[in-house]
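Here is a short briefing on a predicted model. Have the sequence and the structure open as you read.

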There are 2 protein chains.
Amino acid sequence: MPFKNDLILRAARGEQVERTPVWLMRQAGRVLPEYRAVRSKMGGFKELVETPEFACEVTIQPVDILNVDAAIIFSDILVIPEAMGLPYQMIETKGPWFEKTITNSDDIKQLKIATADDLHYVMDAIKLTKKGLNNRVPLIGFAGAPWTIFAYMIEGSGSKTFSKAKKFLYTQPLLSHQLLQKITDSTINYLKGQIRAGADMLQLFDSWAGVLSPKQYTEFALKYIAQICDSITEVPITVFAKDAHYVRKEMGALNCNSIGLDWTMDIKESRELIGNNKTLQGNMDPCLLYADFNTIRSETKKMLLQFGPQRHIANLGHGLYPDLEKDKVKCFVETIQEFRF
Amino acid sequence: MPFKNDLILRAARGEQVERTPVWLMRQAGRVLPEYRAVRSKMGGFKELVETPEFACEVTIQPVDILNVDAAIIFSDILVIPEAMGLPYQMIETKGPWFEKTITNSDDIKQLKIATADDLHYVMDAIKLTKKGLNNRVPLIGFAGAPWTIFAYMIEGSGSKTFSKAKKFLYTQPLLSHQLLQKITDSTINYLKGQIRAGADMLQLFDSWAGVLSPKQYTEFALKYIAQICDSITEVPITVFAKDAHYVRKEMGALNCNSIGLDWTMDIKESRELIGNNKTLQGNMDPCLLYADFNTIRSETKKMLLQFGPQRHIANLGHGLYPDLEKDKVKCFVETIQEFRF
């Protein structure tokens, strides 16, 4: 059965679209009162991630409520370190925390290469969601990019500088490559599993790209992203490396369909650096959605004009913040969907 | 009496230098055991800032110990909000915290425009330090750039996104400009006082430049930095806007002497964007100093070659991290001072 709305897949592949498709990072989340209602019935974030029925429910919510052009499976990038042998807790207001971190060669040897079976709850959530969506819109699967996963595995939590993780790159380059390869192999298994379960499109999130130098990013991050992109041939894949302004040109050479931009990246300059063979995704500042409705509409239209009518998937340059108003978010989505070039 | 070593002033003014000068952001700080010894005798960070004898002592330490080509007065960018009427606490491991924040027009009206007298302890520290340095090397004064100060005054603490402060920009643009102007006027008074007290050079730190969009940065940040640069005619001034990669071209038009770069900014590209009329400062990744001595030496030399022999002040792209080893820091400084093109 064909999709009722396949705009995002066509935009990703560079095919002609009648209008620009839109979805939002963290669209399944606290910005929706309906999400908060489901979550209040559950024990916490991780329980939600690990319970396919609820993950399915909150994944479909933004399609019903915000009318976005794609769903993205409700999950977390840190399921991969957990499946490899490093369990984590999600501490309210503090973020993720790992009891055990990677400090030496033995730690790396003890990690397993995760398989899709190790993450059966994600596969089950995808299968359920595909049924629930009934081909209304495509379903996006995702994973963290290897450097970001590595950063958490060494650091053990969030950090402003990720200096422990970067210290490991500088002092243990060979071990770093071993660990990054294990993460990459696990991620490929995981993403292939997501495709088999029904994901129509994939995204890699390199959330901590911005702390590396261009040289380190090329050596320790881009190399593994390239391996993943080369392995994914079945569905379109988007790479979003937040704050990696310095590597946009190299991103253009990746074997992927789309590149995500954040709001610090000039659209015209990014297009020149990345070239015409990629779809660009983004890149509104999420804080624009605190402004009044008229400002949201006019700034959103300006963004659309800068990207142009083709090879663009509209989105924010980061995830939705929990305290944004649902009606403001809807205004952003509607402005994009009503706009004609 | 002339300076024994005025390399940094000549480099800032674009005059010929025999070798590249070097200093380090946060060189007066926890990376030095001698600093930790002084600090352990004191009540805390703020007491140190407010006690001229101790501020002087720790300001001179890195000149003695690391042999850097400039001292920078030990202080904090948040003395300005405090002098304007918003006191803060520095909470160990958590960072700054303001009891009262700015939420409306009345809050802004109640703020005073700070004068140099309000910050007499900084002026006293500068005078003492100038005596203690005895013209061995120049003394750098500094202040936070208006946007960064504004961000703390609205947010009340550090933040990953500064979304409250950005929300204020989007929802209260007129009030934002009022507050930014008051901060700017205070900062000019403060920097003029630092010059009268003896500062030989100044630096503006825009630590949270990276969270704004290019449009917001131009409207709410660069405009006020330009006012400050235009007011400072007595001594060289450096502007360091961390992560503001997107505004390097516009920075080149500022009425300042030097522009600071962080390690994500490509040196050659930055030079092209900024032009040849500015001295560039930076830009080594502080985490390089976790590497072995040979790596530090070779990477530092590569950096020097990329900047070239003139119009460069060597530094890191961020402050020293407290857990770096003193000998590694010395190796970075020595490599620069021994290098000849």
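In chain B, helices α7(B) and α10(B) are roughly parallel to each other, because their angle of about 30 degrees falls under the 35 degrees that sets the limit for that class. Their axes lie 8 Å apart. The crossing is right-handed. The model is predicted, and local features are given only where pLDDT is at least 70.

**Packing of α7(B) on α10(B)**

- Helix α7 of chain B spans residues 120-133, and helix α10 of chain B spans residues 173-197.
- From α7(B), the contact draws on Val122(B), Met123(B), Ile126(B) and Lys127(B).
- From α10(B), Gly193(B), Gln194(B) and Ala197(B) take part.
- By class, the contact of α7(B) with α10(B) has 4 nonpolar, 2 polar and 1 charged residues.

**Packing of α4(A) on α7(A)**

- In chain A, helix α4 (residues 52-65) meets helix α7 (residues 120-133).
- Their axes come within 8 Å and cross at roughly 45 degrees.
- α4(A) is therefore oblique to α7(A).
- The crossing of α4(A) and α7(A) is right-handed.
- α4(A) supplies Pro52(A), Glu53(A), Ala55(A), Cys56(A), Thr59(A), Ile60(A) and Val63(A) to the contact.
- α7(A) supplies Tyr121(A), Asp124(A), Ala125(A), Leu128(A), Thr129(A), Gly132(A) and Leu133(A).
- The residues of this contact divide into 9 nonpolar, 3 polar and 2 charged.

- Helix α8 of chain A covers residues 146-155.
- It is mostly covered, with 10 of its 10 residues buried.
- Among the buried residues are Trp147(A), Phe150(A), Tyr152(A) and Glu155(A).
- Gly156(A) follows α8(A) and has a positive phi, near 85 degrees.
- The axes of α8(A) and helix α9 of chain A (residues 163-171) come within 8 Å.
- They cross at roughly 105 degrees, so α8(A) is roughly perpendicular to α9(A).
- On the α8(A) side, the contact is made by Phe150(A), Ala151(A), Ile154(A) and Glu155(A).
- On the α9(A) side, Lys164(A), Ala165(A) and Phe168(A) contribute.
- This contact has 5 nonpolar, no polar and 2 charged residues.

**How the two chains relate**

- Tyr290(A) sits in the loop between β8 (279-284) and α14 (293-307) of chain A.
- It is buried, because 22 other C-beta atoms lie within 10 Å and 20 or more are enough for that class.
- Leaving aside residues up to four places away in sequence, Tyr290(A) touches Leu324(A), Lys167(B), Tyr170(B) and Thr171(B).
- The C-alpha atoms of Tyr290(A) and Val49(A) are separated by 28 Å, and the two residues are 241 residues apart along the chain.

**Backbone features to check**

- Most residues other than glycine have a negative phi, and most peptide bonds are trans.
- Gly282(A) and Asn283(A) are joined by a cis peptide bond, with omega about -5 degrees.
- Asn283(A) lies in strand β8 of chain A.
- In chain B, a cis peptide bond joins Gly282(B) and Asn283(B), with omega about -10 degrees.
- Asn283(B) is in strand β8 of chain B, residues 279-284.
- Asp243(A) is not a glycine, yet its phi is positive, near 70 degrees.
- Asp243(A) lies in the loop between β6 (237-241) and α12 (248-251) of chain A.
- Asp243(A) is buried, with 21 other C-beta atoms within 10 Å.
- Thr93(B), also not a glycine, has a positive phi of about 65 degrees.
- Thr93(B) is found in the loop between β2 (88-91) and β3 (95-98) of chain B.
- Thr93(B) is exposed, with 4 other C-beta atoms within 10 Å.

Technical notes:
Residues numbered from 1 in each chain as written. Chains lettered and ligands numbered in written order. Predicted model: local features only at pLDDT ≥ 70, side-chain atom pairs only at ≥ 80, totals over all residues. Axes fitted to C-alpha atoms, helices over the stretch in contact; angles between N-to-C directions. Helix = DSSP H or I, 4+ residues; strand = E, 2+ residues; numbered from the N terminus. Parallel < 35°, antiparallel > 145°, perpendicular 65-115°, else oblique. Left-handed = near helix turned anticlockwise from the far one by under 90°. Contact = placed C-beta atoms within 7 Å. Nonpolar A, V, L, I, M, F, W, Y, C, P; charged D, E, K, R; others polar. Buried ≥ 20, exposed ≤ 12 C-beta atoms within 10 Å, placed from the backbone.
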